[in-house]
Each structure stands twice: as structure tokens, then as C-alpha cells.
Amino acid sequence: MPNSTNSPRGLTRLFRYNQTYLLIILVVLVAVVSLINPRFFSGRNAMQILRSASFTGILSIGFLFVLIAGGLDISFTATATVAQYLMALLLANNPEIPIVIAIILPMLIGTLLGSINALLIHGLNAPSIIIAIANLNIYYGLLQLFSGGQWIYSFPRWFNRLGRGYLFRFTDANGAPYGIAYITLMWLGVALVGFVILHYSKLGRRLYALGGKLEAARRAGLSIFRLRLFAYGFLGFCAGVAGLVQALDTQTVAPNALVGREFDVVAAVVLGGANIFGGTGTITGTLLGVALITVITNALTLLRIPAYWHQVFIGAVVLASISITSLRAKLAKRNERTIDVH
Amino acid sequence: MFTKLQTRYQTWQAANSDVAALPWLLGAVLLLMTVLTRGRFLGSSNIINLLSQMPELGLLSLAMMVAMITAGIDLSIISAANLSAVVMALVLTQLVPEGASSTTVWGFVVLAIITGLLTSAFLGAINGYLIGYVEVPAVLATLGTMILYEGVTLAITRGFVISGLPSQFLLLGNARILGIPIQMLIFAVVAVVIGLLLQKRPYGVYLYFVGSNPTATAFSGVNVRRVLLRTYITSGLLSGIAAIVMLARFNSANARQGSSLLLLTVLICMLGGTDPYGGFGRVSGLVLALVILQMVTSGLNLLGVNSFAAVALWGAMLVGVIIYKFVQRRRWERQGKQQLS
């Protein structure tokens, strides 16, 4: 954390930030993987990675908000599934529906479901994880019940074009065109919105205050309920966007396709330096966390390591990241204690 | 006579407010299910089914409860159980030589059980170390190990199911003694041991202390970290025992078995009066809640209710229990204030 009394300049200061280390690891990793497999280091592959990371990336921004506010929610993949499924149903039954409505619908549903989480957690003073477990099962259970496990493939043409489309046409060595996918742009858009909220709005600063110390935030006159409603609602909104993006990416919607994808999100956000105790965390760190997780996953595939090891790796990343944060907090507390004595 | 009974009941109710509603609920569920299924619910096949399904859920709920009493939670119980089950299944399917005599197989069954329990204790110790010594919040530590343990199980099994266990081992999940399924007896013994541990041993008292106020407990000279380590080892061991029962009953092990049980264990703990904020919870309440939940489950089964509808219903029931507890606490607080003024 930056120290105001003797702030070092230039490079030394950079090393006070988590992101610097993440960036160094990322660069080294990309260099090593590129040496092993030169095909990795190409603009085309980079765009492909950014495209496939969008789903995790969008959810990570929302999850970051909840972590900053000092909460926890793992029901967001269920929210994303419900949102994308209802959208897909609407599109399959009424292909003529205006594009705007089809795109806004999952976001509204996501926000609504996220707000329900906040309402229950705050109103009933219950541990957020227990509410998350309950809602996760309610959403999945109802969706499976009413969908009958049916997959949806039939989408209008614009949906296909939006999913496959990209901006800025480049051509690779073989003359095949590629560019920044619209899907990736949606991720960057959500990240930008998150960045502006966290850094330049009162709301964002208050979220940090709430996560830093709940009682202090309460005594400062902040509405804890409204802040929580916003954080969980925003995660729900992100889940809606992520559901849309995943449907655009794969052009299929299945009621159980997203089960287990929440682990990557948790790993990316805690790796990105968000404090599990609330109150700290940055968009840039989270973006780097998502990039690292995606590049490593990609590298594991390139190195022909069986996919079953992916989850071992994700679990190890989560445990290592939260252990380091907890150890730091523990050491900080110990130092505080000595100051108290003198 | 009647008034005497009434006052006695009221005293009991006041002293046991956490579980007082449960016997009524149990009776109501029993009545409702019997009426809805037109008596099939009380048939012997359903009762046997009930008794053979209950133990695994009960053991896992106990594993959840000990963690909750310390104001923690153990999200990794199912993953730990599956990993232990896979380890046991590997011992039983890979190590037993072809055409081994029955005594040799029995030897391997014992070996498998010991390996399985050691595995689960070790997995619990990882949780306990992270929570007690590294001071990671229990939710996140066990969320991380849940992902990790499931990942390791996936990596070992490559996503396949291990089955074909020796019949000697399968007895543990299928045999009956005096008409009672053997796993029910295992559960009864374990429940009594945990009950005694919590109520009669110093460790049990520390457990509740740690859940109520860890700082005060530490200042009273209790080694809070060691209590937490022991608690999560206990939680792991209970998952391991559940793994034995499940492996023997299903004759198979895989990475994603019983993933919906996590919700049920939380529901049973909370319905049984365990406070997720720590300090409260006991075996008797848990057993009552377990019986109620298992009756609902097998009743829904008999009625042919869709299993996904059941999952949604359990989720709704969990929210319902939380609302009930919230209203109850509110009422106490109001009564407390009235008495003060």
C-alpha cells in the first residue's frame, strides 16, 4: 500500500503495486510459452485469447465489486444461465423482436436476481455464502425444471453476426482476416464502466469505505443497504452481460453449460490482488488476473497437459492468493499491536 | 395433571427454543407425507430406504456442523468425501490381487478404510491449518480447497467413474443387523461420539467458546488455532466416514458425486438450530432436522416429484429457515427490551 510520508519515486514506487508483479509474470509467461510454441505469439492468437476470456472477464468485474464491498457471492453463474436462457427462449420464439430488447433483457434479469441476493443478505442479516448457496440451487433447480434440460440453437441472423463480428480488420501471415471481437469490446466496455464507477464516482469510493470497515461506513452516514444493493446488483448485471456474451460466443444455450465456471472467476479476481477482507481491489489488477489465468490455461493446453488438471491449477491459484493476502493481513495486525503497546 | 404437563412443556420449550419447533414439524411432515402417499410412506420398503439414505447425509451434516459452531463453514466436505472415496476405491480395485482369498480381501478392506480416513483427516488438516494458522476466512479457504480437492479427484479419475468393488466392502452399505442397515448403526455411533465430544469434553466447550468469541477465548489461555485445526480434522474425518458409507452403497466413486448435498447439509444444520455465526448447535437438533429432511426427500420421491423441483424446494426451504430464525431473533430482542423497561 502506498505510504504518504515517504513516497519513493519512479520505478521503486511501481513495485509497491500488485499489478506490477502480475504484469512481469504475464510478460515472462508469454515469452516462455512463445519460445516453446512460436504459434502462440501472434496477433490472431492474442485476439482469440481475449475473445475466449471475455465471459470470465466480465464476471470478474462484477465479482470484484462484491469483494470490494466486503461480500461474497458464488451464485452468479446461475444468474448468468437464467438470464441467457430466458433471452434465448424469447429469441427462439419471436425472432423478429427488436435487437435492443433482446440485449437488454438478460441485463435486467441479472440485475434483478443480483438485487434479490442483496435484499436477502441485508434484510435477514444472513451470511452471504449461505444465501448464495440457497439461491444458486433455486435458480438452477427452477431453470432445469422448466426447461427440461433443453438446449437452444435457433437464433436470428443478427445474433450470429454479432457473435462472429469484429472491429479493425487485420490479416495474418496466411492472409486470413481477424480483429477485435465485439464480444471482447463488451468486456472492455464493462471494465471501463467499472473503472469509472470505482475511481470517479462517490458510489465507488463508498464501496471501498464499506468494505474497509463496515461500522465506520455506517457511522459516516452511508446507507449500507443501498451500497450492498448496488454491488450485488452490479454483479447480477455483469452476469447478465456475461450470459449474453457466452451465448453469442457459442451460439448455443444450455441450462447446465456454465456450472463450475465460477471457479475461474474467483481465481482471477483474488489473483488480481482484490482483498478477500474487502476494501481493496482494482480493475487493472482484475484484468491482469483474468489475462494470467487465461494465458496459463492456454499454455497448459499447448503443453498437452490433460484438461483434468485445469481445476487443480485453479484451486492452487485461489489457495495461494488468499493465503498470501491473509498472511499479509496477519503481519499487519501484528505490527499494529506493537504500536498499541508503546 | 394436564396443566402440570403443560408447564413442564413450556419450561422445556423455553430452555430449548432452538429445537422446540422441530418435534411438531416432524409430526406434521410425517402426517402430511402419509396422507399424500396414501400410507405408502409408512411401508417397510420406504422405511428401509429412509434408514439407508439418512446416514451419509447425517455424517456430512455433522461435518458441516462442527465447522459452523466455530463460526466457520466447510464447503469442501463433499469434495473431500469424493477424494477419499476415490482413494479407497483405488486401493480396493488396484491393489487386491487376482483370486485373493476372502481373508486377504478383508485385509484390503481394512487397509482401504484406514487409507480413506487418513486421506480425509489430511484434507481436513489442510483446511484447519489454513483457517487456524494462516488465518484465511473459513468460507474462502474451504471454497479454495473445494475446488482443489475436486480438481485432484478429476485428475486422478480423468473424469471416469471407478466401480467394481469387492463384495466384502459393499456389505458396509448394504448389510443389515437386526433389520437395521449397517450404515445407520455407524451413523448412530458417530453421532453419539460427536455429541459426547461436544457436551462432555473440554474440547467441546472450547469449540463453542471459539465460535462465540475467539479473542476472549484466546485470552482465557485456550489455543484457538489448535482448536480450529482439530475441528477441521474432525470435519474431514466425518466426511471420510460418509465416503465409506457412500462408496459401499453406490459401489462407485467419481469426482462430482453428490454435489447437491452441500445445500442439504447447510439446511439441516440451520434447521437443527446451528447458528452460522457460531457458538450454537447440537447433535440432537441436527438429528431431528435430518429425519425431517430425509422424510421430505423420500416423500417427494414417492410422489414422483421432479428432482430439480426438489433442489429448488430445498433452496427455498433454506431461505425459509433463515427468515424464520430472523423473525424469532427479532421477537426475543423485543421481549428482552420489554423486560428491561
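Biologist: At what angle do α12(B) and helix α13 of chain B pack?

Modeller: In this predicted model, α12(B) and helix α13 (residues 283-302) of chain B pack at an angle of about 125°, and their axes are 8 Å apart. That angle makes α12(B) oblique to α13(B).

Biologist: Which hand does the crossing of α12(B) and α13(B) have, right-handed or left-handed?

Modeller: The crossing in which α12(B) passes α13(B) is right-handed.

Biologist: Which residues make that contact?

Modeller: From α12(B) they are Leu264(B), Leu267(B), Ile268(B), Cys269(B) and Leu271(B). From α13(B) they are Leu286(B), Ala289(B), Leu290(B), Ile292(B) and Leu293(B). By class, the contact of α12(B) with α13(B) has 10 nonpolar residues, no polar ones and no charged ones.

Biologist: Turning to chain A, how far apart are the axes of helix α3 and helix α8?

Modeller: The axes of helix α3 (residues 43-68) and helix α8 (residues 182-200) of chain A are 8 Å apart, and the two helices pack at an angle of about 20°. Angles under 35 degrees count as roughly parallel, so α3(A) and α8(A) are roughly parallel to each other. Their crossing is left-handed.

Biologist: And what is the make-up of that contact by class?

Modeller: The contact of α3(A) with α8(A) has 9 nonpolar, 4 polar and 1 charged residues. On the α3(A) side the residues are Leu50(A), Arg51(A), Ser54(A), Gly57(A), Ile58(A), Ile61(A) and Phe65(A). On the α8(A) side they meet Ile183(A), Thr184(A), Met186(A), Trp187(A), Val190(A), Ala191(A) and Gly194(A).

Biologist: Now the interface: how many residues does each chain put into the contact?

Modeller: Chain B gives 38 residues to the contact and chain A gives 36 residues.

Biologist: Which helices of chain B each supply at least two residues to the side that touches chain A?

Modeller: They are α6 (138-157), α12 (261-271) and α14 (307-340) of chain B. The largest share of that side of chain B, 13 residues, comes from α6(B). The residues of the side of chain B that touches chain A divide into 29 nonpolar, 6 polar and 3 charged.

Biologist: What about chain B as a whole: how many helices and strands has it?

Modeller: Chain B has 14 helices and 4 strands. Its C-alpha trace spans about 80 × 55 × 35 Å along the principal axes.

Biologist: Which radius of gyration does chain B have, and what would a compact globule have?

Modeller: Chain B has a radius of gyration of 21 Å. With 341 residues, a compact globule would have one near 20 Å, so the value for chain B agrees. Buried residues make up 47% of the 341 residues in chain B. Among contacts in chain B between residues at least 6 apart in sequence, 80% join residues at least 24 apart.

Biologist: One more topic, the backbone. What is the phi of Glu135(B)?

Modeller: Glu135(B) has a positive phi of about 60°, although it is not a glycine. Glu135(B) lies in the loop between α5 (102-132) and α6 of chain B.

Biologist: How many other C-beta atoms lie within 10 Å of Glu135(B)?

Modeller: There are 16 other C-beta atoms within 10 Å, and Glu135(B) is therefore partly exposed.

Biologist: Where is Asn251(B) found?

Modeller: Asn251(B) is in the loop between α11 (224-250) and β4 (252-253) of chain B. Asn251(B) has a positive phi of about 60° although it is not a glycine. With 17 other C-beta atoms within 10 Å, Asn251(B) is partly exposed.

Technical notes
Residues are numbered from 1 along each chain as its sequence is written. Chains are lettered from A and ligands numbered from 1 in the order in which they are written. This is a predicted model: local features need pLDDT of at least 70, side-chain atom pairs count only at pLDDT 80 or more; totals for chains, interfaces and linings use all residues. The radius of gyration is taken over C-alpha atoms; the globule rule is 2.2 Å times the number of residues to the power 0.38. A residue is buried if 20 or more other C-beta atoms lie within 10 Å of its own, exposed if 12 or fewer, and partly exposed in between; C-beta atoms are placed from the backbone. Two residues are in contact if their C-beta atoms, placed from the backbone, lie within 7 Å. Axes are lines fitted to C-alpha atoms, for helices over the stretch in contact, and angles run from 0 to 180 degrees between N-to-C directions. Angles under 35 degrees count as roughly parallel, over 145 as roughly antiparallel, 65 to 115 as roughly perpendicular and the rest as oblique. A crossing is left-handed if the near helix is turned anticlockwise from the far one by less than a right angle, and right-handed if clockwise. Ala, Val, Leu, Ile, Met, Phe, Trp, Tyr, Cys and Pro count as nonpolar, Asp, Glu, Lys and Arg as charged, and the others, Gly among them, as polar.
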